[in-house]
Amino acid sequence: MKKLFFTTALLAAGLTFSTVSNAGEISERVEKTKTLLVGTEGTYAPFTFHDKSGKLTGFDVEVIRKVAEKLGLKVEFKETQWDAMYAGLNAKRFDVIANQTNPSPERLKKYSFTTPYNYSGGVIVTKSSDNSIKSFEDLKGRKSAQSATSNWGKDAKAAGAQILVVDGLAQSLELIKQGRAEATINDKLAVLDYFKQHPNAGLKIAYDRGDKIPTAFAFLQGEDALITKFNQALEALRQDGTLKQISIEWFGDDITQ
């Protein structure tokens, strides 16, 4: 993927979507309606979930709200289960996915992504009492609870695990607690947030891969104009400290670099 990096000087140029080459159908619609349709789970804390008052919030939700604000756009969220997320994008039910999407080589064949807005890594979670799983190699033949279309699920399958298909992280961890699954590979930040919310869950991080995986907003290919504007806004938010501020609010650390 050709990575696009833009300075705040470009942001000041006042480009509209239609003045950028390859303005696709979605880019043109967004330019006309000034409304951005965003696909997100709404069940994946701390990235996209509902707080006690019922408000949709989370790190990804707040970042894309700030991006839309920079671009003068309204936001409408379309909550969708993860395993149907890319199908929803293909069907143009929404314009962009904001849900910790990783621009993997497989996805880059079909979709386009913005520059990254945060980085995380993969961990294996097991029961606290289970000392038999200490690496990816130990997952061979073991039951691992995973979302079918996630990169973590593909990692578990590649390790030789027996996949139990679930809707998301919370269900994965519940199956481990019940003894129906032995492990899950998942996002470290999401797991740590779950542990913070459920300190007596009886679970642990059995293995931390220690990698640094980028997260970016996902679009259909051909929407270069809208991606250009997104990258401009993300760069502006990075330069003025907004991205870092949102990160510290949610995680107590800067996960945007």
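The points that follow cover a helix pair, a strand and a further helix.

1. This is a predicted model, in which local features need pLDDT of at least 70 and side-chain atom pairs count only at pLDDT 80 or more, while totals for chains, interfaces and linings use all residues. Residues are numbered from 1 along each chain as its sequence is written, and side-chain values use heavy atoms, with hydrogens and water left out.

2. Helix H3 (residues 59-71) packs with helix H10 (residues 242-251) at an angle of about 160 degrees, their axes lying 10 Å apart (axes are lines fitted to C-alpha atoms over the stretch in contact, with angles from 0 to 180 degrees between N-to-C directions). H3 and H10 are therefore roughly antiparallel (an angle over 145 degrees). From H3, Phe 59, Glu 62, Val 63 and Lys 66 meet residues of H10 that include Ile 246 and Trp 250 (contact being heavy atoms within 4.5 Å).

3. Strand S14 (213-220) is largely enclosed by the rest of the structure, because 7 of its 8 residues are buried (under 20% relative accessible area, with a 1.4 Å probe and protein chains only). S14 pairs in the antiparallel sense with strand S6 (residues 96-101) over 2 bridges (pairing requires at least two DSSP bridges), and Ile 97 stands opposite Ala 218. Strand S7 (residues 111-113) also runs antiparallel to S14, joined by 3 bridges, and there Phe 113 stands opposite Ala 218.

4. In helix H6 (residues 151-158), Asn 151, Trp 152, Gly 153 and Ala 156 are buried, and the buried residues of H6 pack against elements including helix H5 (105-108) and S14. After H6 comes Gly 160, with a positive phi near 90 degrees.

Technical notes
Buried < 20%, exposed > 50% of the residue type's maximum accessible area, 1.4 Å probe, protein only. Helix = DSSP H or I, 4+ residues; strand = E, 2+ residues; numbered from the N terminus. Parallel < 35°, antiparallel > 145°, perpendicular 65-115°, else oblique.
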